[in-house]
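Keep the sequence and the model open while you read.

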Amino acid sequence: MTKKYAMVLGIGVALVAGVGVLAVRAADTPAAPDIKKLADQVGKKSWDELAKEGQAVAKKHDDLLDIMNVFKPRSKVAKVSGIGVGDEPGAIIPDGIEQKIIRMAGKVGVTERDIAKAPALKRMSEIAAGVAAVAVHKPNDKAQKNAASMQKWKDWSKEMHDSAQDLIKALETKDRTQVKAAVMKLNGSCTKCHSEFRDD
Ligand code: HEC
């Protein structure tokens, strides 16, 4: 190979690699790495301690939506991709935390397959608890209306964290009834806050 040819080939490879990285990055929720770091500490830290760490993350990301978007389906083509469920994309369906919670809390319920995938579902719960620690610092305009609505925002954030922790414990028992009860409580914290404060 001539020196010149090698150089051109080298640049070509670097370009292709660079474009590949960009394509993946473009779809990721900006807050995902910070939320994952918080998730790593769930269970090791109390709610107050975790929420304190969450404050720095809340300051870093202006928009609550950037935080909540980690719950969206994991997708390479969507404008924003959530973190997804489990390490391997598409291995667990639906591959989005919000959809997975809704499915398990609803008619389909908690299946034997879910119990077999407990580690992935525990991680999903840690992510939810991590989001709560950030969301608690980001009450939107509606929530900031008065002291009572602010209190609701705080209570539902803590409830999201606590019920996510309960879900982790329930998954350890491998008891489908307990898991179902815990996931319904977690889903309840999402829906209460959304129906009161989210415009849709
Ligand atoms: C303390 C209040 C609160 C809690 C608790 C909460 N959310 Fe949200 N969430 C919001 C608000 C407000 C928005 C709208 C943000 C915006 O549009 O700026 C939102 C937006 C979202 C979005 C993206 C917007 C969309 O249109 O879909 C997803 C996904 C989401 N939430 C999932 C969840 C899930 C899953 C849970 C529970 C595990 C949860 N949220 C718990 C307040 C909350």
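By class, the shell around the ligand holds 11 nonpolar, 5 polar and 3 charged residues. Here Ala, Val, Leu, Ile, Met, Phe, Trp, Tyr, Cys and Pro count as nonpolar, Asp, Glu, Lys and Arg as charged, and the others, Gly among them, as polar. This is a predicted model, in which local features need pLDDT of at least 70, side-chain atom pairs count only at pLDDT 80 or more, and totals for chains, interfaces and linings use all residues. Residues are numbered from 1 along each chain as its sequence is written, and side-chain values use heavy atoms, with hydrogens and water left out.

- The ligand sits in the largest pocket.
- Helix 4 (64-68), helix 5 (97-105), helix 8 (147-173) and helix 9 (176-197) are the elements that each give two or more residues to the shell around the ligand.
- Helix 9 gives the most, with 5 residues.
- A pocket, on a 1 Å grid over the protein atoms alone, is an open set of points where a 1.4 Å probe fits, with protein on both sides within 12 Å along at least five of seven lines; a cavity is a set from which the probe cannot get out, and lining residues have an atom within 4 Å of a point.
- A molecule sits in a cavity or pocket if more than half of its atoms lie within 2 Å of its grid points.
- Of the 19 residues around the ligand, Met68, Phe71, Cys190, Cys193 and His194 come nearest. A residue is near a molecule or strand if one of its heavy atoms lies within 4 Å of it.
- A ligand nitrogen atom is 2.8 Å from an N or O atom in the side chain of His194.
- A ligand oxygen atom is 3.5 Å from an N or O atom in the side chain of Arg198.
- A polar contact is a pair of N or O atoms within 3.5 Å; within protein, one must be able to donate a hydrogen and the other to accept it, and residues adjacent in sequence count only if both atoms are side-chain atoms.

**Overall fold**

- The chain has 9 helices and 0 strands. Helices (H or I, at least four residues) and strands (E, at least two) are DSSP runs, numbered from the N terminus.
- Along the sequence the pattern reads α-α-α-α-α-α-α-α-α.
- Of the chain's 200 residues, 42% count as buried. Buried means under 20% relative accessible area, exposed over 50%, and partly exposed in between (1.4 Å probe, protein chains only).
- Take the contacts between residues at least 6 apart in sequence: 64% join residues at least 24 apart. Contact means heavy atoms within 4.5 Å.

**Buried polar and charged side chains**

- Ser157 is found in helix 8. Ser157 is buried, at 4% relative accessible area.
- Beyond four places in sequence, Ser157 touches Trp47, Ala132, Ala135 and Val136.
- Asp114 lies in helix 6 (residues 112-116). Asp114 counts as buried because its relative accessibility is 7%.
- The Asp114 side chain reaches the backbone nitrogen of Thr111 at 3.0 Å.
- Leaving aside neighbours within four places in sequence, Asp114 is in contact with Lys100, Met104, Gly109 and Leu121.

**Loop between helix 4 and helix 5**

- Asn69 lies in this loop. Asn69 counts as buried, at 6% relative accessibility.
- The peptide bond from Ile93 to Pro94 is cis, with omega near -5°.

**Loops on either side of helix 8**

- His137 is found in the loop between helix 7 (118-135) and helix 8. His137 is partly exposed, with a relative accessible area of 30%.
- A polar atom of the His137 side chain lies 3.4 Å from the backbone oxygen of Ala133.
- His137 and Ala58 are 79 residues apart along the chain, yet their C-alpha atoms are separated by 6.3 Å.
- Apart from neighbours within four places in sequence, His137 is in contact with Ala51, Gly54, Gln55 and Ala58.
- Lys174 is in the loop between helix 8 and helix 9. Lys174 counts as exposed, at 54% relative accessibility.
- Phi of Lys174 is near 60°, a positive value in a residue other than glycine.
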